[in-house]
Structure formats: structure tokens, C-alpha cells
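Dear colleague,

I am handing over the structure below, together with notes on what came out of going through it. Please read the notes with the structure open beside them.

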Amino acid sequence: MTLSKSIFLLVFTNLLFQVTTLNAQIWPGDVDNNGEADNVDLLYLGYAYGQTGPQRTSTSIDWLAQPSGLLWGTSFPGQSLDLSYADCNGDGVVDDTDIQAISQNYASVHQTVTVPPIIAGVPGIAPTVEIKRSTTDTLSEGAVEFFELHLGPNHYPSFYGISFTVSFDTAYVDSVLQVFPATGWINNNDLDRVVLVSKSYIEPNATNGKHGRLDIAYSRTNGIPIMGSGLMGLFAIIMEDNINGKTGGFINFDFEVLDIRMVDDQLNFQPTASSISEFYILTTGVNDLILDETDFKIYPNPASHKIITESIKREIIGYELYNLQGQLVQYDFFEARSVVEFLLDDELNGMHLLKIQTPKGLLVKKIMIVNQR
Ligand SMILES: [Ca+2]
Ligand SMILES: [Ca+2]
């Protein structure tokens with residue numbers, strides 16, 4: 001290369017930098033630069049995770065327009081947005097410390113927000129987030145309850161990140177305690193770390209009537225997608241104590257998962273479907289102890305004529321049978337005994353909840369009743 005050509009290139013490159021830095025301002029945490037810091041920004045941060053470029057002069061993550069400095073010269077796929085937007089703290093590398101900016105500035109807005117679209121997929125086929133419990137579907141008043149977040153209902157070939165909102169009725173939930181990532185397919189059994197952002201808040205304008213909100217996003221970090229389905233993470237909530245002053249019954253409770261955005265390693269947004277996951281809250285007068293199911297034998301299940309309950313360690317003093325609308329349909333109390341056999345009313349059909357009472361606490365079990373007629 002001749003000297004004159006080198007000088008020309010140098011000047012041209014400098015000119016380019018001047019052009020690309022004009023008007024560029026970074027709001028720390030708004031990685032996709034849509035006007036707001038939220039869980040979708042973690043998907044962009046996950047895409048750029050580990051990338052490096054020029055540092056900014058300011059390394060603040062305060063919610064202020066930070067002068068961008070030199071752009072990194074690489075854009076997010078299919079967009080003109082420079083990767084330096086993922087470097088929220090301006091230290092020249094995209095890593096965990098940048099996630100702090102999303103959390104700190106969560107829901108802060110700096111301009112009219114452009115909501116990234118959700119592509120509606122076919123329910124039953126498109127990815128959704130199902131909420132499950134490994135133990136029982138029955139929840140207790142005032143208790144800390146754990147829930148699993150599953151990607152389903154099918155296997156998906158190229159998962160990289162996902163953001164979504166869990167919504168719930170605040171009448172039944174005191175507070176959200178913590179959100180965790182799972183160890184497993186989502187982070188290749190810890191060989192590739194998954195990062196997470198979460199925020200709980202009240203949404204006054206909830207169109208589904210569920211004002212309690214928990215935003216979550218998970219993203220992989222090594223730039224490589226993974227095939228997967230099943231457990232992605234967990235969360236714990238504290239249930240409301242003394243719900244409506246009710247005692248001795250069941251209340252239907254569900255989570256609706258909304259605004260699901262799932263991306264592959266090239267930030268292609270996949271079609272998704274929302275979901276509803278149903279549970280039951282057992283309401284009790286005193287702090288009844290929920291007993292371990294392994295101490296009991298309850299059979300047959302499904303049942304049609306009768307149900308037999310045997311207790312290995314406890315004496316049974318009564319039972320109550322509820323339908324899934326929470327109505328008490330059959331009950332009895334008696335002298336303490338270790339085996340109880342009772343006949344089922346002919347009218348009963350479908351899934352029911354059987355509550356077995358002992359002097360030391362109670363057990364709740366789902367029983368399928370098959371109509372005998
Ligand atoms: Ca954003
Ligand atoms: Ca950084």
C-alpha cells in the first residue's frame with residue numbers, strides 16, 4: 001500500500017467514526033434502544049455477551065443519556081443498532097455487570113416506547129412457558145411456595161433466550177421472593193452459563209385482571225443455540241395469609257404467562273403462545289401442618305365406588321372431598337382410626353381434591369372419580 005493510500009484510508013476511517021458517533025446516545029439498560037429498559041433487553045444483551053469494543057468515557061449506569069463514544073462497528077442482526085448498546089456500563093465488554101443496568105433502570109422510559117412485536121403461534125405447538133410444581137398442586141396460605149418454569153409443549157431445535165411475564169391475582173400472593181435459573185439443558189448442565197433478569201411489580205392496567213406481574217428473561221451466553229424443552233428455572237412466592245377470612249376450603253388460583261418472546265442465536269423472534277397454569281389454595285383456620293403423602297396409602301385412583309385411605313403413622317379423624325370449583329361435596333368426621341373406607345356419591349365425576357384430617361395435620365390428594373352409572 002502506498003503512503004498516500006494509507007493516509008486516505010486513515011482519514012476516511014476517522015470520518016466514518018465521526019459520522020457513526022453523531023447523535024448516538026446510550027441509555028444504560030435499554031439494549032435494544034426501544035425507549036425502555038426491560039426483560040427484552042436481556043435477549044439482546046445475551047446475543048452480544050462476551051463481545052468487546054472501545055470503552056466509553058463515562059462508565060455510569062445512571063438513567064441518563066450516556067455519550068456513546070466510538071461505536072463498535074458491528075450491528076445486531078438485521079438492524080442498524082450497534083453492539084455497543086449492550087455494553088451498558090461502557091467498560092468495553094458485555095458481561096454480567098451490564099445486566100445490573102437493566103435491573104437498576106427497569107421500566108424506566110426515555111422516549112416513546114416501540115414495543116417489540118409478539119408473533120402469535122398455534123397453541124399446543126408454539127413454544128410457551130408452563131408453570132408446574134414437582135410436589136402437589138395445592139398451595140397453603142402464608143407459605144413459601146416454589147414453582148417450576150418449563151418450556152413446552154414440544155422440543156425446540158434452536159433456543160437461545162426467552163422473555164415473558166407471569167401474571168397473578170394479588171389477592172392471593174403476598175410477594176415474589178426469588179427467581180432462579182435451572183441447571184440442565186438450558187445451560188448445558190453448567191458448561192454454558194445462563195443469565196437472568198427478573199422484576200416483580202403491580203400493573204394497574206392489567207387487561208386480564210391479574211395485576212401482579214413478574215417479568216423474567218433467561219439467555220444463554222456462548223452464542224450457540226441449544227435444543228431443548230422442560231425446566232428452565234424456578235421462582236418462589238409468599239402466599240397471602242388468611243385469604244378473605246376463609247377457612248377449610250379450596251380456592252382456584254392460576255398463573256397466566258404473557259408476552260412470551262423466544263429467540264434463536266441470531267435474534268430471530270419465534271412464534272409463541274400464552275399459557276394458563278392452574279393450582280388450588282387450601283385455606284385453613286390455624287397453621288395446619290401439611291403432611292407427607294408417603295405416610296398414607298389412598299386407593300384406588302381413579303376411583304368409582306369407594307376410596308380407602310390407610311395411614312401408616314397417623315390416625316385419621318375425618319375427610320373432606322372438594323370438586324375443582326372449590327365446593328365441598330362430601331365429608332365425614334369420626335373417632336380416630338388408621339384405615340378409612342368411604343363410599344362415593346353416584347353423582348360425582350371428574351377430578352376432586354381429597355383432604356384427610358389427622359390430629360397432627362392434613363394431607364391433600366387429587367383423586368379422579370369415574371362416574372359409575
Ligand atoms: Ca429496551
Ligand atoms: Ca460492560
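**What was found**

Asp 259 counts as partly exposed because 19 other C-beta atoms lie within 10 Å, and the cut-off for a buried residue is 20 or more. Please keep in mind throughout that this is a predicted model. Asp 259 is found in strand β11, and its phi is positive, about 50°, although the residue is not a glycine. For background, most residues other than glycine have a negative phi, and most peptide bonds are trans.

How many of the nine residues of helix α2 are buried? Nine of the nine residues of this helix (residues 40–48) are buried, and therefore α2 is largely enclosed by the rest of the structure. Among the buried residues are Val 40, Tyr 44, Gly 46 and Tyr 47. After α2 comes Gly 50, whose phi is positive, near 90°.

The axes of α2 and α3 come within 10 Å and cross at roughly 165°; angles over 145 degrees count as roughly antiparallel, and therefore α2 and α3 are described as roughly antiparallel to each other. The contact is made by Asp 41, Leu 42 and Leu 45 on the side of α2, and by Asp 98, Ile 99 and Ile 102 on the side of α3. The crossing of these two helices, α2 and α3, is right-handed.

Leu 45 deserves a separate look: leaving aside residues up to four places away in sequence, Leu 45 touches Val 31, Ala 86, Val 94, Asp 98, Ile 99 and Ser 219. Leu 45 is also one of the residues with the most contacts inside the largest nonpolar core, which has 75 residues; the others named with it are Leu 42, Ala 48, Ala 86, Tyr 280 and Leu 354. As a general point, nonpolar side chains in soluble globular proteins tend to be buried together.

**A sheet of four strands**

Another part to look at is an open sheet of four strands, in the order β17-β16-β19-β20, with antiparallel pairing. Its edge strands, β17 (328–337) and β20 (361–369), each pair on one side only. Neighbouring strands of the sheet are turned by 20° against each other on average, with direction ignored. Within this sheet, strand β16 (residues 316–323) and strand β19 (residues 350–358) pair in the antiparallel sense over six bridges, and Glu 320 has Lys 355 of β19 as its bridge partner.

**Points in the loops**

Which peptide bonds are cis? One joins Tyr 299 and Pro 300, with omega about -10°, and another runs from Asn 301 to Pro 302, with omega near 10°. Pro 300 lies in the loop between β14 (296–299) and β15 (306–311), and Pro 302 is likewise placed in the loop between β14 and β15.

In the loop between β7 (173–181) and β8 lies Asn 188, whose phi is positive, near 50°, in a residue other than glycine. Asn 188 counts as partly exposed because it has 16 C-beta neighbours inside 10 Å.

Val 115 and Glu 36 are 79 residues apart in sequence, and their C-alpha atoms are 9.0 Å apart in space.

With best regards

Key. Residues are numbered from 1 along each chain as its sequence is written. Chains are lettered from A and ligands numbered from 1 in the order in which they are written. This is a predicted model: local features need pLDDT of at least 70, side-chain atom pairs count only at pLDDT 80 or more; totals for chains, interfaces and linings use all residues. A residue is buried if 20 or more other C-beta atoms lie within 10 Å of its own, exposed if 12 or fewer, and partly exposed in between; C-beta atoms are placed from the backbone. Two strands pair if DSSP finds at least two bridges between them. Axes are lines fitted to C-alpha atoms, for helices over the stretch in contact, and angles run from 0 to 180 degrees between N-to-C directions. A nonpolar core is a set of buried Ala, Val, Leu, Ile, Met, Phe, Trp, Tyr and Cys residues joined through C-beta atoms within 7 Å. Two residues are in contact if their C-beta atoms, placed from the backbone, lie within 7 Å. Angles under 35 degrees count as roughly parallel, over 145 as roughly antiparallel, 65 to 115 as roughly perpendicular and the rest as oblique. A crossing is left-handed if the near helix is turned anticlockwise from the far one by less than a right angle, and right-handed if clockwise.
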